[in-house]
Structures are given as C-alpha cells and as structure tokens.
Amino acid sequence: MTRRVIQSLAEPLAAIVLALLAGGIMIFLLSGLVPGRQPFDARLPIDAYGALVSGIVSFNGLTSTLVYSTPLILGGLGVAVGFKAGLFNIGGRGQFLMGSIASVAVISAIGGATGPWIAIPLALLAGALAGALAGFIPGFLKATSGAHEVVTTIMLNYILFYVSNWAIKGPLTLPRAPQPTTQDISELNGALYVLPFTRDLHIGVFIALLAVPIIWFVLYKTTLGFEIRSAGANPDAARYAGMKTRRLIVLTMSLSGLLMGLAGSVTLLGQVHQTSFGYDTGIGFDAITVALLASSNPIGVLFSGLLLGAMRAGSPAMQSQAGVPPDLINALQAIILLFLIVNVLRRVLARRRAGTSTPEPAALTAGKYSTESVQ
Amino acid sequence: MARLPRKAIALLAVSALVAAACSSAAATASPTATPTPAATPTPAATPTPATSASASAPATAFKIGVVTDVGRVDDKNFNQYSYQGAKDAADALGASVSYLVPKDATEYASDIQQFVDQKTNVIVTVGFNLGNDTIKAAKANPDIWFVAVDVAPCVDATGAPDSTFACKGDAATLLPHLIGIQFQEDQAGYLAGMVAAAVSKTGVIGQLGGINSNPAVVRYMQGYELGAKAYKSSVTVDSGFFSTGDITKAYGDPVFGKTFSQQFISQKKVDVLFQVAGATGNGALDAACAAGIYAIGVDVDQYQSYPSADKCIVTSAEKHLASAVSQTIKAINAGTAKGGISKFNAANDGIGISAFQNTSVTLPSDLQGKLDAALAAMKAGTLTTCTAQCGTWTGK
C-alpha cells in the first residue's frame, strides 16, 4: 500500500522538479529580456522562484492559493466526472458563466430583502442548476441525436458567453452605470462569508473541499458511479448489462455542468462579487488541465487544483518582485503542466504496450489509470 | 509492476544530478545564492532569496505599482502608456516601479492587494474595469495613493463604490488619496476635426464611434464636428456608431469594424474617416486604407501603434496617458496632489494630436498655424470645443 502511494507520488514530483529546472533554464536564457537584468543572469531564476514561493508560503499566500484553487477543484471535478463516463466536457467556460450569472440574478433580485442565510444558499443552488442546465443540453443532444459533446459544448461556449453578456448589459445592469456592470453583491449581504483573521478566505473554499469526497463517494461507492464508470469503460458492455446509457450520458453531463456552474457561483459570490460586460475567466479550460493532471481521480483533482491555484497565487509576486514578465510566467506554468502531462501519457502508453489496456476513447485512458491507483 | 519504481527512481536520480549540476553552476555565477533552484517546490526550503531580492531596494524608496487591465503591458494602448507614465515618473524621482497584468477579472482585487502588501506608495490602476476594486482598496488603505486611469470615482456617503451611480458621496473628501484621471476628449477631437477638414478634397468627412451612450466617445465626436466646421464651415460631417449596445461589436471586433466601415465609406462617400472605437475602430482604419481614403486614429498615436494602416493614417486624437500619469505621480511625490477627479486637457498637456509622420499626406500650409492657434485658445480657455450637451449624443 505505502509502496503504491510512494510510487504514484514519485513520478509527479519528479516531473515537477524537472519542469521547474527546465523553466529555470528558460528564464535564465531569456533573462536579457527582463528590464534591469543582464543577459544570462543566473540570479534571475532563483529570484523568480523565490518570489513564487514567497507568494505562496506566507499566510495570505496560502489563503489565496486556496481561494484560487476553489473553482479549479470544483471545475476539475466536473470535467473528471465527464471523463469517467467517456465524455469530454469542453463547455466549462459557458457552464461557469451560467453559474455566475444565475447567482448574480438571484442576489440582485432578493439579496437586499432577505438575509444572507436565505439568499446565498439560493444563489448557490441557482448557479449549480444553471450550470447543470448548460451541461444537460449537450448531454441531451448526444443521447438523442448522437451529436458529439466536444462539438456541442464548444459551440455552446460561444452562445452562453453571449447570453451572459446579454444578461450583464440587459436585465442585470445597473441603471446609470457608465459601462454595463452588475451590482456589487457584497453590498447586498450576498457575498460568501470571509473567515475572520483572513483577507479573502471565503467559505466557498469548504464547498470545494467537501465536493471532493462527495464526488469520490458517488463515483466509487454508488450504483450511479459504477454505471458512469462502466459506460465510460465500455459503453456496449454497459448497455448489454442493462444500463440505460443514454440516460447516463444526460445525467453525467448535467452533473459535470452542475459542478462547473457551482464553480462559477462560488467564484462570483466569494471572490469577484461583480461582473462587467465581457466577464469571462479561463477556469473552464484550466479545469480540463486539472482533471487531466489528476487522471480524473477526485482526490488527485484536489492536489492538481491546489497546484494550479498556487501557481496563480504566486505569479503576481514573480511579476512584481522579480520582474519576470507575465508571458514568461505563463510559459513556465505551461512547461510544468507539459512535463506532468507527458508523465501521465508515458504511463498510459507503457500500460498499453504491456497489453493491460483495451482500446478506449482517448479522454478515458487517463481515467482508467486512476481507478486502479486510488483503491 | 517492478519496472515502474525503477523508472521512477531513475527519473529522480537524473533530476537530482541535473539539480546538483545546476546548483553548482548557479553557485559559481553568484556565490550568495545558497539554495538550489530545484529545491523550490518544497515551500520551506527557500523563503530567503525572495526577501533578499526584494529587500535590495532601500526601505525608504518611493515605490510605484501599476495594475493594468487584462491583456498585455505592451499593447500600444492604455496599458502600455499608463505604465510608461509611471515609469517616466519613477525615472524622474529615482523611484522603483513594477507592474502586474491580471490574467482575468478574478485577479483584479488580489493584484491591487499585492502592491498594498508590498507597502507601495502609489498604485496606478488602468481602466474602468478596475474602478470598483480600486475604490474599495482606497477605502481600506487610506495611507496609500491610488491613481485610477480613465475612471471617475463614484462613491456613496461612506466612501464605498456606489452601485446606484447616484454618486452621493464626495470622493475627493471621503477618499482623499484616490485620484481619478479623466481627459477632455472633445479638445483632442476638435484638433482632429480641423485636420480632417484640411486634408479632405471632397469636403465630406466621416467619423465612427463605438456606442452613442459612452460620454467619452461622444465628446470626441462632438469636438471633431466642431473642429471640422471651424476650419471650413462648408464641410459635411457624417457620423455613425458601430453598435447600439453590444460592447464587443463596438470596441472589440476589428473584422466587423472593417465591413461596417466599408459600407459606411461607400454609402456616405467620405474621404476622411475618424474612428473612436478601440479594436473595432482598427478595422475602420483598415477599411479606410482599402478604400484609399485618409484615416484618423484615436487615444494613442496609431501611426505608431497600428502600423498596418500607417499609409493612410494622417494623425491621431490623443489622450496623453503617459504625461497624465507621470504628472499625477510627481504631484503626489511633491505633496501637491489632491484627491478626486484630475482633469487633463490642453492646458496641462493632457490631450493633443500626434505629430504628422505620414509623408504621403500633403497638408495645407495654413493648417499648422491654425492648429497652434486653436491649441493656444484651448489652453487659455477661450475656445468652445464641445456642444451644450457635452457627452450626450443628440445627432441622428
């Protein structure tokens, strides 16, 4: 047991170390581009990583790591659930926005009248349901017509982005605002409570942390979870065994969307509080990275979400203290992810060569690996 | 299964070797750097280099931080010139300056907070989208100066952001360390209108704005029309807007901007086109080039910032962002700055038009004299550059 745990941790850790080395070399080579630095400045990588670490390990750094991780964990769980059933949900962007907008709508409608104890749960519920609806649509289309969810979710991203924009500049916009903006919900008792002695650690973080064991339980300890995994592993066999695979597709996509909508809702209620025209985040796509890194394992999603959240929390310090340009930081993060993903791929390929894997949809091979390592 | 751990061990061993090699290289290059860079993922290992790096500046130094809007710091637009202004001020004052580019809207508040934590003296935020978070930060940190570019701070009676936009509170007294930089766009538009009327051969000139409900856009356009008519009263000014409500179409869609402008040019038969529409307007510049007519840029020197259309750009109606930000920071440093809206216009070098760099344009010999006279009159405050309802579109 311990050997397996060490084994499963050693490779990602080695990948991170190698990635940081490669990133450090890249920063070293490009240090001439940073204002105030000599070309090939060996101190720059050290300063940059020092700043990154200092941005993460302070008390405020740790809380903002948790805050940034929250939507990534929730969204990552959403994508992972889809992967388990062999469904690739790229619609996170739209589902996230629907969750945000639904929460804004609920709070600005009732937040002033009712107290936060009624308004916030309702807003979370509305956000989750709106996300679920946004996931239901591609699920329904796939189940009834066979339209591939990759295509429909990508298309829906555009549609839902514009729906969200319409809502922000239409029914939700503040009268007399110089540019379309929704109400700042923290004025309306509508923001998720920020814990005392912290600056930004809102209770939405606990929703994400709670969702991890819940989703793990659903996937591995319930009939629904078994059916989801079976449908993912081999849809024909699942159908032959009497499972209603169409219903499962709709359910899984809705659950995936629900988690993504919840991510949007929590981000809005706890972090952003207000949306302006064009409101958008990269979380819908980053969540795919989170799920892939974790091989669709809910527990792994917790850690990969924290990793990406930490990189977000640390990057402002890298920019402002070490003077590393944001482009270089993005490239560095991409390198780290690349190393990790290559690592996962390498394993999958090795397994396939060894003949232990049956041919499966590409999205699912990662999931297969994780089901074995978690139990 | 026995293969896997060996592979993992091999990986670790290789990485340890590389780490060792790398750390010795780093150590020879700079003897003070003690920990290996490879050790950084374990948080406890290296908290020291960051503090030593950031502490290299003396504690008393004047520190300036810039939080740009989403995008790039070298966007040849608001982000870049606002940062440029902060940098100019920093160079003049011997201060340090750094910037943060938020990845998306979720980072606005925390990026501002980052500079608060670093005990920054002046925090510059760029654009309307950061306005609310800037006001909140200014309220929470009354000792730090905040400069909000292109924002008119609107607060309620407690000094919090006023979402009803009634603006009942007096921002200047409630938040005395918050300065909102605003520009008198009509003056820049007026000068651009004079140039347009001067280079037009047919006497029919055009202008395209993003949305008619945006007062800044409308001020540019009202000034443009007045300036054109002042240069030559017979000139016809045709105006249009890209959108009635869709901000993406209005300011963010150059492809749409080009097709829309092509129709506008062919219908109205204009031979000079002024754009007041951000990225959508860049499409208008392209359309003007394609149609072989002159174009006038907006906000920044677009002959420089949008070189793909430089063969037809005559000049640009400029907000002198760098000058405004730099002046504001210097005033803060000198102790002469006051909270509230800081209005930049011709009198304090806040607006202007870009130098004529396009040698293919022949300018009437009287133009420069008339421009200088108009600018002097603006500085003296004797020239009306906007309509009675300045900022409210009353045309068709």
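This is a predicted model: local features need pLDDT of at least 70, side-chain atom pairs count only at pLDDT 80 or more; totals for chains, interfaces and linings use all residues.

Biologist: What is the order of the strands in the open sheet of chain B?

Modeller: The order is β7-β6-β8-β9-β10-β12 in chain B, an open sheet of 6 strands with mixed pairing. Strands here are DSSP runs (E, at least two residues; helices are H or I, at least four), numbered from the N terminus. β7 (236-241) and β12 (351-353) of chain B are the edges because each has a single partner strand, so one side of each lacks a neighbour in the sheet. From one strand to the next the twist averages 15°, an angle between N-to-C directions of axes fitted to C-alpha atoms, on a scale from 0 to 180 degrees.

Biologist: What makes β10 and β12 of chain B a pair?

Modeller: Two strands pair if DSSP finds at least two bridges between them. Strand β10 (residues 313-319) of chain B and β12(B) have 3 bridges, in the antiparallel sense, and K319(B) stands opposite I351(B) in β12(B).

Biologist: How do you know what span to expect of helix α7 in chain A?

Modeller: The expected span is 1.5 Å times one less than the number of residues. Helix α7 (residues 204-221) of chain A has 18 residues and reaches 25 Å between its first and last C-alpha, close to the expected 26 Å.

Biologist: Which residues of α7(A) are called buried, and what do they pack against?

Modeller: A residue is buried if 20 or more other C-beta atoms lie within 10 Å of its own (exposed if 12 or fewer, partly exposed in between), with C-beta atoms placed from the backbone. In α7(A), the buried residues include G204(A), I207(A), A211(A) and L219(A). The buried residues of this helix pack against α3 (59-84), α8 (223-233), α10 (245-272) and α12 (298-322) of chain A, where a contact means C-beta atoms within 7 Å.

Biologist: Why is chain A called as compact as a globular protein of its length?

Modeller: Chain A has 14 helices and 0 strands. Its radius of gyration is 21 Å, close to the 21 Å that the globule rule gives for 375 residues, so the description applies. The radius is taken over C-alpha atoms, and the rule is 2.2 Å times the number of residues to the power 0.38. Of the 375 residues, 59% count as buried.

Note on methods:
Residues are numbered from 1 along each chain as its sequence is written. Chains are lettered from A and ligands numbered from 1 in the order in which they are written. Two residues are in contact if their C-beta atoms, placed from the backbone, lie within 7 Å.
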